[in-house]
Amino acid sequence: MKDYKTLTTREMFALVTLLVGIKFADTTPALLAQKGQNAFWMIPIISFLIIFPSFLLLIYLLKRYKDKNLVELLEKVLGRFFGKSLGFLLFILAYATLIFDSRNYVEQIKLLYYPQSPTLIISIVFMAVIFFCAKRGFEVIGFTSWIGLPLIKFAVFLLAALIFKEAVWNRIFPIFGSGVQVIVMEGVKNSSIFLEFFLLTIAYTAFKDTKFFRRGSYFGGLFVIFEIILFFLLYTVIFDYNSIDKIAFPFHEITQYINFGDYFTNIETFFMVFWLFAGFMRFIILLYLITWIFGAVFNINEFEPLLFPFAFLALMIGVIPENAIVNELIIRDLLLDISTPLFVLFPFILWIVALCKGELKKT
Amino acid sequence: MKRMICISLLLMFLTGCYDKVELEQQSYNVAIGVDQTDKEGTYEFTFQITNPEVGTTSGGGSDEEPNETVTTNGSDILTAMNTVNSFVSKRMTLDHTKVIVISEELARSGDFLQIIQAASRTTQIRRATQIVVSKESAAEFLNNIKPKMETRTHKYFQYMITRATQTGIIPDASVHRFFQITEGDADLFLAIYATNEHEEKKGEGYEDQYVAGEIPQEGGSDTQFMGSAVFKEGKMIDTLDGQDTRIAHVLDYTLDMDELLSTYPDPIRPEYRVAADYIQKTPAEVEIQYNKNKPTKIDVTVSFQIEVLAIPSLVNYSQNSAHQELLRKAIITDLESKANKLIKKTQEEYGSDPFYWSLFIRDQFIDVPAYEEADWNKKIYPNADITVSFNLKRLAFGKMLNDTNLSEVRD
């Protein structure tokens, strides 16, 4: 890492928004709608309520143990062995997320925009772009996020405004979709759709001041949840409960549906540019953070050369699943279910251990 | 050395344009027709390909036809599209498809759902594509469309349908809406009804009491878009004339309509009719009181305004308040009787509603299983107790204070 740190709240805000906020534009809504039907927009609220206390607790711990990042904190609290093991476990889960999510994106790009191109080639190009950008370092990623954010969000809200007139608001009823129980269960099980919040804490000390990190993550978190709920709601009222679970890419379905007046029809390519940009940013951040965690776990200070092998490995494993449906509905669903308890619980474990050790008492 | 590596890496991208298609090598399909054949599972597909050169100022191939219509057999749209390439020289794309035309015969057979499902799997067919049911076979329909002014076929369909939808005589029948309603399995879907075959209706018909093909017409294009085809569970069961389609627009809050010029009986001189512009600023208000064991009560209130355009009988309605009151009543009674007639028909004959009213009962159920069990189109709607009331908010008379007094003129 470079010695001077220039990142502030606004970069953190951009990082959170891009890393988590793009979830409404991939297959996450399709995944959640399978069980939640027309109330699937409530699932992220529940997930958020489940995961946010854990995240706040983690932030609290980071604040108490000044100037430590995620892995250093784990080591400090749990001891060398357990700390590193837990760090490694987090790394594995996050990396699996990267692999299957990236495949998912490749699949979307192929299906929607480049039907003739082989998946492998798209994967290679995709990973190459991510690798080269991630190589630039965290500061550049932060700045790029901040610069790109207004463009991306402009496109997104333009889309929301254009589609608004198609919405039939009565479709949010029956209000609890497939049943209160199902919604709550799904919300809890899929909490890890927000797991990126935890990964960002590896960069806790990379900001000009740690308070910028905290502030950025609160604002970013609130903005993201608002954005996700807004779009999930829009999907519900546009597609209705019987169709929403059949549509794999509701975001693209919407971009294909709208027109800009009578003259500008078929305008989805306009949105595709921003969507691709956002997608790239997400994976650049993700790849960088994951490699960082790995580096921290294995005491590799110069971890940036590892970006290449990790990108390559992600590419190779990513092309294994046969098709997008297997990837999405089986593997990713399973992955989300597995990672949820870990991510929700580990800050509590840390907190309890720290409390028992009496380290939280001294100011 | 580094520069060389960079350059050679960049060379790699030159080979990789897998999806590159030259504009020259594509042909744009604007309409797809689907017909039945004798063999089950095989359909006749008609593609209407537009010629982008026509109507451009750059000239060039001005002698060419504005479009090419080809027909072939196949089991689904995409494979048929490939077969067509044995006699169409370019790669066909469906991205600009504006309408899917199905013959009434196919629509009534109920196979349409399978065909359109298969089509929606590809990203090429847009959800905004309109569904048109033609009285004759779809191939015949598409072959005989000869617009006189708007020779570019894609613009013809776009403007024709946009305009006719604005007047409410045909419904908005996008593929998107078809799926919402058909998969929702509660209400009826209305598709656009059109034909080239003319068969004049016997007896009197007012301005919108026609279905396509019945409108007396001289000159212009033979193609008439009028009325709607009623689909229940993906299968066509009946047609509605333009007037009923307009009523459906009035009662359905998801359908928009800009203009409804219509005539109403003249209460004082019944041999004449009063022409007026019907303006509806707010959608119909539907209130449903769901009763599990006795008929559900549905109250519909429509608030509207009337601007009188012509009074051929020259009766003084604008200044005589007693006359005005009569006219008010006549208009309301006329609308209510039309609406009630249509509702009665849908309850008794169709067993479901084309107004998307099931939306309004959904908030009375806590979750989807409860809602589905209550069964809108089998149990609730056919037995419901429905009252429609029209509420005339404003009666205006345009810019003339009074009409010419005929007896004074002819004095």
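This is a predicted model: local features need pLDDT of at least 70, side-chain atom pairs count only at pLDDT 80 or more; totals for chains, interfaces and linings use all residues.
A residue counts as buried here if 20 or more other C-beta atoms lie within 10 Å of its own. A:Gln37 has 24 other C-beta atoms within 10 Å, so it is buried. Its backbone is worth a look too: phi is positive, about 50°, although A:Gln37 is not a glycine. You'll find A:Gln37 in the loop between α2 and α3 (43-64) of chain A.

Now compare that with a residue in chain B. B:Glu233 also has a positive phi, near 50°, and is a residue other than glycine. B:Glu233 sits in the loop between β8 and β9 of chain B. Is B:Glu233 buried or partly exposed? It has 15 C-beta neighbours inside 10 Å, so B:Glu233 counts as partly exposed.

Back in chain A, go to helix α11, residues 250-257. Seven of the eight residues in this helix are buried, so α11(A) is mostly covered. Among the buried ones are A:Pro250, A:Phe251, A:His252 and A:Ile254. The cover over them includes α2 (28-36), α5 (80-112), α7 (138-163), α10 (210-244) and α12 (268-297) of chain A. One more stop in this chain is the peptide bond from A:Phe173 to A:Pro174, which is cis, with omega near -10°. A:Pro174 belongs to the loop between α7 and α8 (180-189) of chain A.

Let's move over to chain B as a whole. Its C-alpha trace spans about 95 × 65 × 55 Å along the principal axes, and the chain has 13 helices and 14 strands. Of the 411 residues in chain B, 40% are buried. If you take contacts in chain B between residues at least 6 apart in sequence, 72% of them join residues at least 24 apart.

Where they touch, domain 1 of chain B puts in 14 residues and domain 2 of chain B puts in twelve. On the domain 1 side, β8 (224-232) and β9 (235-240) each supply at least two residues. That side of domain 1 divides into six nonpolar, three polar and five charged residues.

An unreviewed UniProt entry carries the annotation "domain: Spore germination GerAC-like C-terminal" for residues 226-393 of chain B. That span is 35% helix and 32% strand, and its end C-alpha atoms lie 29 Å apart.

For a helix pair in chain B, look at α8 (residues 242-251) and α9 (residues 321-350). They pack at an angle of about 95°, with their axes 10 Å apart. That angle makes α8(B) roughly perpendicular to α9(B). From α8(B), B:Gln243, B:Asp244, B:Ile247 and B:Leu251 meet B:Lys338, B:Ala339 and B:Leu342 in α9(B). By type, the residues of this contact are four nonpolar, one polar and two charged.

Finally, how many residues does each chain bring to the contact between chain B and chain A? Chain B gives 28 residues and chain A gives 28 residues. On the chain B side, α6 (153-166), α7 (175-184), α10 (358-361) and α11 (368-374) each supply at least two residues. The largest share of that side, five residues, comes from α7(B). Eleven nonpolar, nine polar and eight charged residues make up the side of chain B that touches chain A.

Methods:
Residues are numbered from 1 along each chain as its sequence is written. Chains are lettered from A and ligands numbered from 1 in the order in which they are written. Helices (H or I, at least four residues) and strands (E, at least two) are DSSP runs, numbered from the N terminus. A residue is buried if 20 or more other C-beta atoms lie within 10 Å of its own, exposed if 12 or fewer, and partly exposed in between; C-beta atoms are placed from the backbone. Two residues are in contact if their C-beta atoms, placed from the backbone, lie within 7 Å. UniProt positions are given in the numbering used here, feature names are shortened, and annotations may be inferred rather than shown by experiment. Ala, Val, Leu, Ile, Met, Phe, Trp, Tyr, Cys and Pro count as nonpolar, Asp, Glu, Lys and Arg as charged, and the others, Gly among them, as polar. Axes are lines fitted to C-alpha atoms, for helices over the stretch in contact, and angles run from 0 to 180 degrees between N-to-C directions. Angles under 35 degrees count as roughly parallel, over 145 as roughly antiparallel, 65 to 115 as roughly perpendicular and the rest as oblique.
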